[in-house]
Amino acid sequence: MTSVPTSHVLLLAGTLFAIGLVGLLVRRNVVFMLVSIEVMLNAAGLAFVAAGSHWGQADGQVMFIFVLAMAAAEVSVGLALVLRLHQRFRTVDADAARELGGEGVASPAYGAVAADGGDE
Amino acid sequence: MLRLAWLLPALPFAGFVALALLGRRLPRATATAVGVGSVGLAFAVAVAIGAAWLAAPPAGGAYVQHLWRWFDVAGFAPDVALFVDPLALVMCGVVTGVGFLIHVYATEYMRDEPGYARFFASMNLFVGSMLTLVLADDLLLLYLGWEGVGLCSYLLIGFWYRDAANGRAARKAFVVTRVGDTAFAIALFLIVRELGTLEIDEVLVRAAAQWPAGGTLAILVAALLLAGAAGKSAQAPLQVWLPDAMAGPTPVSALIHAATMVTAGVYLIARMNVLFALAPPVMTAVMIVGAATLLLGAFSALAQRDLKRVLAYSTISQIGYMFLALGVGAWSAAVFHLMTHAFFKALLFLGAGAVLLATHHEGDVLKLGGLRRRLPVTFWTFVIGGAALAGVPLVTAGFFSKDAILWEAWSRGGPVPWAVGLLGAFLTALYVSRVILLTFFGEQKHAAEPERGLRIQLPLVALAALSIGGGWVHGGFDRFLAGDAHGGEALFEVVAAVISLAGVGVAWLAWRRGLWARPDGALQRFWRSGWGFDAVYHTLFVRPYVWFARANARDVFDRGADAIAGLARGGNRLLVASQDGRVRTYVAGLALGAVVLLAIGVIFARPEPAGAETATEVRP
Amino acid sequence: MSLLWLVLLPVVGGLLALPLRDRGARWVALGALAAALALVCAVWSAGDGGRVADLSLAWLPQMGIRLHLALDGISFVLIVLTLVLGLLAVLASWTEIRERVGFFHFNLLWTLAGIVGVFLALDLFLFFFFWELMIVPMYLLIAIWGHENRTHASFKFFLFTQAGGLFLFVAILGLVFVHQQATGELTFDHDRLLDTPMSEGVAFWLMLGFFVAFAVKLPAFPLHTWLPDAHTEAPTAGSLVLAGLLLKTGAYGLLRFAIPLFPQASATFAPYAMALGVAGILYGAVLAFGQRDLKRLIAYTSVSHLGFVLLGLYAWNEMALQGVVLQMVAHGLATGGLFVLVGMLSERTHTRDLEKLGGIWDVAPRLGGAGMVLVMAALGLPGLGSFVAEMLILFGTFRVAPVMTALATLGLVCATIYALWIVQRTFHGENRGGWSFADLRAREAGVLAALIGALLWLGLYPQPVFDVARAALASLQGVVSGGHS
């Protein structure tokens with residue numbers, strides 16, 4: 001059996017990671033963002049496996065199983081959050097939940113100081 | 001008797017304190033009694049001290065009364081002490097005597113003023129400060145009186161404070177004299193540094209012993225003192241405040257801006273004459289300042305339309321005479337003229353005040369006329385005052401004192417100062433005759449009330465008597481003051497008399513032809529504006545100062561602090577903007593950060609471990 | 001132990017006043033300050049005129065920090081000033097402060113405690129502790145009871161002084177470590193640090209650290225810009241304490257620490273410091289004239305007057321230093337008095353705008369008369385305390401730097417200009433605002449009369465102050481000339 005060169009596998013992992021990242025950045029649907037994260041996680045897992053095979057050690061596969069478990073946990077928490085998000089905003093658009101933006105909460109206090117300084 | 005000297009300043013100060021604290025609550029009669037009585041008593045004390053002095057002069061020709069030690073720091077220990085000598089006595093006599101008459105006059109003049117008590121409080125404070133000034137044994141105490149009279153001048157010029165113009169005139173007077181005072185203060189610093197004391201006698205002794213004649217230090221100190229004296233005595237180039245000071249009530253003009261305070265500079269130079277003698281160039285400067293001011297004032301007086309402004313410029317001009325005399329070293333002649341000038345100029349101001357009372361404060365001489373019948377006492381006393389000012393020979397005090405100055409100018413200064421003085425005498429006779437003719441002769445153009453009562457007339461008559469009789473004591477005065485007497489040359493007296501009579505004659509001719517009422521030429525306007533000094537100072541000093549203060553009111557250095565604050569605020573905005581709440585932005589930032597960190601790791605990775613890595617890679 | 005009580009009395013008084021309302025808090029504050037005043041006078045009169053009391057207790061022995069308090073003539077003069085102005089501050093805010101009265105007096109007393117501590121502390125760490133202690137309650141005084149722009153002003157005040165404090169702290173630590181390296185002894189004690197051997201460069205930078213901290217507080221040009229804001233926005237008592245006392249801590253710091261600890265470096269630096277002083281005198285006076293807000297105007301006059309202090313300090317001869325001590329007292333009384341007066345005025349008119357005021361003399365001649373005297377004190381009229389002080393400073397400085405003295409003397413002209421402007425725009429002129437209100441009440445007249453009386457006393461017979469300060473100044477000068485040799 002001809003062995004696939006490690007570099008090819010790593011290239012594939014990198015490509016998958018990039019696809020996942022781009023998906024995460026461009027999608028606004030939270031479900032698709034979760035899927036993209038899964039893709040990235042698996043890309044990382046693939047890189048671990050490739051590295052393990054390259055060094056002939058089991059650590060890579062151990063790490064992959066670890067990643068799998070973590071992904072499962074992450075998805076369950078993530079989906080729960082998605083449900084809450086949907087209940088609250090009636091949408092799965094991530095941008096709808098921009099409450100952490102600077103303008104919302106902190107501004108009045110700073111604005112007051114700025115006004116004081118402004119008419120100085 | 002001499003031990004009562006402390007009462008001289010203390011009495012008016014007590015009057016001031018009483019009026020300032022209780023003035024509003026006192027009945028008017030009581031306020032009058034306190035205000036006039038304190039100065040009257042001070043006059044009585046001055047007379048008593050003078051009599052005692054004449055009866056038995058103290059040893060050494062001076063009497064010093066130590067009151068208390070002001071402070072004592074690092075060997076510098078000015079006393080609050082009074083120094084009584086003939087010069088101080090003459091000044092005290094003038095200040096309290098003329099002051100008392102003017103106070104009496106003011107009780108009538110200020111009769112209807114709501115600020116009656118405030119007026120007399122300020123006047124008493126003035127008299128007290130002026131007496132402190134002339135009696136001070138120490139230059140620092142003299143400076144106290146010097147500033148004190150400046151403050152009173154300010155308060156009284158701006159007495160009718162509701163009018164902003166009066167406030168402006170008052171501020172101008174204070175600030176311009178303060179400029180001179182600054183020079184005076186620097187002179188004090190120099191004296192303390194070099195001589196270690198400010199006690200006047202000691203300063204003069206040490207200066208004469210330590211400073212060579214014509215030395216730099218003596219010249220510097222004398223020049224600075226001259227600047228101080230010029231500020232207070234309204235000499236060029238600091239004369240600009242005096243004409244505006246006429247905004248004050250007329251008794252104030254008579255007391256402060258004619259008889260006493262403005263002559264403080266003359267007193268200072270006379271007092272420090274030993275020091276000035278050490279600095280011949282400064283003596284020349286004193287003479288030049290005097291001569292220049294004399295002419296400048298006389299020409300300006302010629303072109304004024306306001307009665308009081310004529311007298312103000314006349315005062316400037318007459319003090320120029322005194323400076324001229326000081327400049328040639330004839331300080332006793334200067335003080336003699338100071339005294340006679342106090343009499344006749346106070347008289348003229350009080351007469352002008354009587355005119356203003358009668359005409360409801362119409363001071364424009366071109367709108368007045370023919371008041372001689374309506375105001376006979378005022379007219380006759382004013383004529384006597386005018387004659388004294390013009391130096392009408394033999395019968396007036398002004399003739400003797402001015403003649404003394406002219407004679408000294410010739411014998412000590414040569415023909416040029418003498419000629420300037422003579423020209424001044426001609427101009428003086430000219431402008432004062434012009435004013436008398438325009439105000440009292442011809443047809444009456446303005447309604448006038450009859451003269452007020454005795455409290456106006458008595459001071460006028462008393463001062464008129466002094467304006468005539470004050471000159472006859474000349475010989476005795478010189479002996480009293482300087483220990484010797486020099487008579488004038490008869491020829492010079494004749495020349496001076498002819499010149500002043502010529503001035504009167506020319507004025508009369510011009511009046512007959514109606515020349516005085518002709519419309520203004522450019523030269524007249526120039527003279528009336530006081531030779532344009534005001535405009536120049538306004539452009540050079542006032543406007544830039546005000547402009548800078550206003551333009552920079554928000555303080556350019558505060559912008560530095562604002563810049564730091566702005567930096568913090570800008571940084572805050574920048575970071576706030578990065579937190580937009582979009583998960584995707586955060587992720588992008590995360591990814592970007594990771595890439596940057598990796599890139600840094602790759603680029604800056606040290607070569608040796610990288611080599612070791614390759615080595616392990618090769619081995620399997 | 002009595003020195004500790006001197007600091008603790010206002011602290012305890014503040015705690016007692018905290019829960020009280022209105023009258024109660026005011027009387028407690030008066031009582032605490034009066035007790036402290038009596039105490040300090042008792043301590044002083046028991047002594048012989050030198051360092052009359054010295055208290056040194058271990059505080060943090062591992063770090064060489066001691067609770068070292070001492071009272072000498074300079075401290076005594078300034079503490080008496082502190083407590084007297086403190087009493088007047090309580091009286092001046094009697095009707096002005098109506099909200100959270102207890103907390104107000106707590107802050108006031110704690111500020112005063114910090115100031116008293118600053119004037120007593122001889123351990124640099126302790127000094128720094130008090131230095132910081134006085135800032136926080138002062139900040140609260142401005143931020144809570146101040147005028148319209150109080151937030152901005154209080155921030156600015158806090159940041160400026162805190163930044164200065166940072167310099168001070170770094171310089172103190174630097175000095176202590178240099179001392180430890182040189183002698184092996186870790187100590188913060190002023191007396192022991194006095195003759196620390198160090199290289200010229202190190203001394204210069206450490207001196208600069210001290211100087212910057214104190215110059216901010218003084219305030220020296222061009223670090224003065226916090227002061228107009230803070231003075232303008234503070235309540236009357238706050239302005240009084242700021243102008244009368246807080247600024248003096250800067251001067252005191254220079255006098256007690258910056259110059260004696262680094263005599264040579266200070267001598268090198270003196271021309272620059274004096275130039276800053278002269279610049280402050282002129283700049284402050286000119287800018288004062290340009291202001292429309294009366295309190296802001298007076299704040300700039302402080303910049304001008306404290307310029308004289310800086311000038312005199314770096315002339316460092318007895319005459320100038322006595323002048324500096326007297327100037328601190330006279331400025332505290334005169335400018336403090338002006339702020340009190342403006343407080344009384346704006347309580348009635350609700351404005352400090354010079355365009356709107358005017359003609360007050362018609363309405364309230366007693367207020368006008370008091371204002372006239374205080375303004376004259378500001379322009380340095382002879383017979384009032386500031387004249388003797390400024391003259392002595394100038395006499396002393398003239399021996400060292402004649403040209404700079406001459407320039408500083410020009411400040412007298414500029415002072416006349418702004419002083420007369422105050423009179424014209426406030427008391428004289430037409431009554432444009434149609435003002436009509438009651439003249440001074442007995443309590444107000446009493447406060448102003450006390451200030452004016454003290455100014456007259458200092459102007460005509462200032463010798464007691466000089467006598468009190470003489471020994472302390474001589475020992476400071478001895479330290480410095482010892483360092484030179």
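Author: Helices here are DSSP runs of H or I with at least four residues, strands are runs of E with at least two, and both are numbered from the N terminus. With that in hand, we can go to Pro237(B), which sits in the loop between helix 8 (216–232) and helix 9 (241–244) of chain B. The peptide bond that leads from Ala236(B) into Pro237(B) is cis, and its omega is near 0°.

Before we go on, a word on reading the model: it is predicted, so local features need pLDDT of at least 70 and side-chain atom pairs count only at pLDDT 80 or more, while totals for chains, interfaces and linings use all residues. Residues are numbered from 1 along each chain as its sequence is written, and chains are lettered from A and ligands numbered from 1 in the order in which they are written.

Chain C has a cis bond too, from Leu218(C) to Pro219(C), with omega near -10°. Pro219(C) lies in the loop between helix 8 (200–217) and helix 9 (226–233) of chain C.

Back in chain B, let us look at another loop. His360(B) lies between helix 15 (331–358) and helix 16 (371–374) of chain B, and has a positive phi of about 55° although it is not a glycine. His360(B) is exposed because 10 other C-beta atoms lie within 10 Å; a residue is buried with 20 or more such atoms within 10 Å, exposed with 12 or fewer and partly exposed in between, with C-beta atoms placed from the backbone.

Arg100(C) also has a positive phi, of about 45°, without being a glycine, and is found in the loop between helix 3 and helix 4 of chain C. With 15 C-beta neighbours inside 10 Å, Arg100(C) is partly exposed. Trp94(C) belongs to the loop between helix 3 (73–92) and helix 4 (101–120) of chain C. Because Trp94(C) has 16 other C-beta atoms within 10 Å, this residue is partly exposed. Beyond its neighbours within four places in sequence, Trp94(C) is in contact (C-beta atoms, placed from the backbone, within 7 Å) with Arg26(C) and Arg443(C).

Now for some helix packing. In chain B, helix 10 (residues 250–259) and helix 14 (residues 307–327) pack at about 10° with their axes 11 Å apart; axes are lines fitted to C-alpha atoms over the stretch in contact, and angles run from 0 to 180 degrees between N-to-C directions. Helix 10 and helix 14 of chain B are therefore roughly parallel, a label for angles under 35 degrees, with over 145 roughly antiparallel, 65 to 115 roughly perpendicular and the rest oblique. Helix 10 of chain B brings Thr250(B), Ser253(B), His257(B) and Ala258(B) to the contact, and helix 14 of chain B brings Lys308(B), Leu311(B), Ala312(B) and Thr315(B). These residues divide into 3 nonpolar, 4 polar and 1 charged, where Ala, Val, Leu, Ile, Met, Phe, Trp, Tyr, Cys and Pro are nonpolar, Asp, Glu, Lys and Arg charged, and the others, including Gly, polar.

Last, where chains meet: the contact takes 39 residues from chain B and 41 residues from chain C. On the side of chain B that touches chain C, helix 6 of chain B gives the most, with 13 residues. That side has 23 nonpolar, 5 polar and 11 charged residues.

Terms used. Contact = placed C-beta atoms within 7 Å.
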